[in-house]
Amino acid sequence: MLLRPASPLSGCGAARSVAGRPGRAAGRGVAATAARGRAQPAQPGEEQQQAQQQAQQQAQQQAQQQAQPQQQAPSRRRSRSGTASRSGGAAPPQPAARRRRATTASGGSGGNGSGGWPPPGSPAAVSADGGDEGVRGLVAGATVRFSDSPALRLRRRAMVAWEGRGPRRVLIVKKPGVPAAAAALADMAAWLQDRGLEVLVERGVAEAEFPRLPPFDAAGPPVDFAVTLGGDGTVLHLASLFAADAPLPPVILGFLTPFDVADRAAHLSRVLSAHRDPLFCTLRTRKRCTVLGPGGEALRVHHVLNECVVDRGAFPSSVFLEIYVDGALLTAAEADGLIVATPSGSTAYSMSAGGSMVAPSVPCTLLTPLSPHSLSFRPLILPETADVLVRLPSNSRCHARASFDGKHPVRIAKGGAVEFKSSLCPLPLINIGALDTDWIGGITDKARGARAAALGWNSTIRAKARRAAQTGLG
């Protein structure tokens, strides 16, 4: 599948380019200036000598600027590794790749205000080898360099078009125990097979209900797109079938979405013709959650579409948690737990705990506390590129528990932590309308009618009664 150049593309895999490609580095500008000075016609006498001296001075300044960060790197690493938390515990366990990362160039948390820029080991310094040497024209009178990793593309609203012959393999995931979903799957599979496509289902579904359909194997040949017949839980289940941080197939949602399963033939025809008429698509952010042991060792990794919850588990009292953002202590709080959610998860558990609703195209991470002991511990929205670490202090009264999209509960030992980074490859969801119109219709109940399970955001009792009378459901 091809994402059109005019549309947003998530950087899955190696970072080949970054925002602001037009500008080049000030260092390269100095070198170019020196080259131009040497390329000018020979000047008589003192003017020629002055031009040569100027070029030599500029080249020396450039070499000093490049060597300065390398000389200052050891002292900065020592100061970062020696930082302890204010809550009385030791510094959080951080993998080597995390310890190497600096945060800002202006002397902020984890940065160095006195050294050269960019700091060694920071994403900006690393990406400089790949060609991201600065952007001009974005800030008046200054060159801008980005400290966020160029591997994370933050645009989420896209249009997709098939490459080559188009799709050949389709995965259909249905909600178990629903006869209507089974009937829709049978009709949809027959329709797709008549058009030469191979239809796959989960192994359990193939063995119990559809023995003539081949089972899906994540390690086998990739599928071109997927269809879900169910609600939000079915979508989460589909996302869990792709455990690796690798490119995911586009997904069409059925039943509780703008795609009415009764119009499946029209919707599928539209998808199959995407090589001629591109489809609207939203790239849904996923979070890479790494469970760390007391010594900082990685124990397990999960990619979540909605949220990860770190709570007190079976312990009857509250749990004390330390929260770090980009290596700096944000806060230490006592609560029943903490939700780390994506924009897709903002209308799920996070919203029921008082978090804000966020459009899925907004690149961010939500921190929502569960019954905090401080009234001032309010929900927080962070940049998607921020690395979050939730740590259970070694002197905690109890262990904690973490769950991932409501599944895979794991015990967090004292001194352990959960580290959150943005997955490189999002989940592409195909939309009917452009931009965020499908999501807006879902929360306002405009697109799916009163019979759909929409949120009914900002709906008054009077408006609900009027809509029910209009649809004959009152």
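Me: How many residues does α5 have, and what should they span?

Reply: Helices (H or I, at least four residues) and strands (E, at least two) are DSSP runs, numbered from the N terminus. The expected span of a helix is 1.5 Å times one less than its number of residues. The 16 residues of α5 should therefore span 22 Å, and its end C-alpha atoms lie 23 Å apart, which agrees. This is a predicted model: local features need pLDDT of at least 70, side-chain atom pairs count only at pLDDT 80 or more, and totals for chains, interfaces and linings use all residues. Residues are numbered from 1 along each chain as its sequence is written, and side-chain values use heavy atoms, with hydrogens and water left out.

Me: Which residues of α5 are buried?

Reply: An α-helix has 3.6 residues a turn, so residues three or four places apart point the same way. Buried means under 20% relative accessible area, exposed over 50%, partly exposed in between (1.4 Å probe, protein chains only). In α5, the buried residues are A181, A182, A184, L185, M188, A189, W191 and L192.

Me: How many residues does the largest nonpolar core have?

Reply: A nonpolar core is a set of buried Ala, Val, Leu, Ile, Met, Phe, Trp, Tyr and Cys residues joined through side-chain atoms within 4.5 Å. The largest has 32 residues. I172, L192, F225, V227, L229 and L268 have the most contacts inside it. α5 supplies the largest share, 8 residues.

Me: What does L268 contact, beyond its neighbours within four places in sequence?

Reply: Contact means heavy atoms within 4.5 Å. L268 is in contact with M188, W191, L192, F225, V227 and I252.
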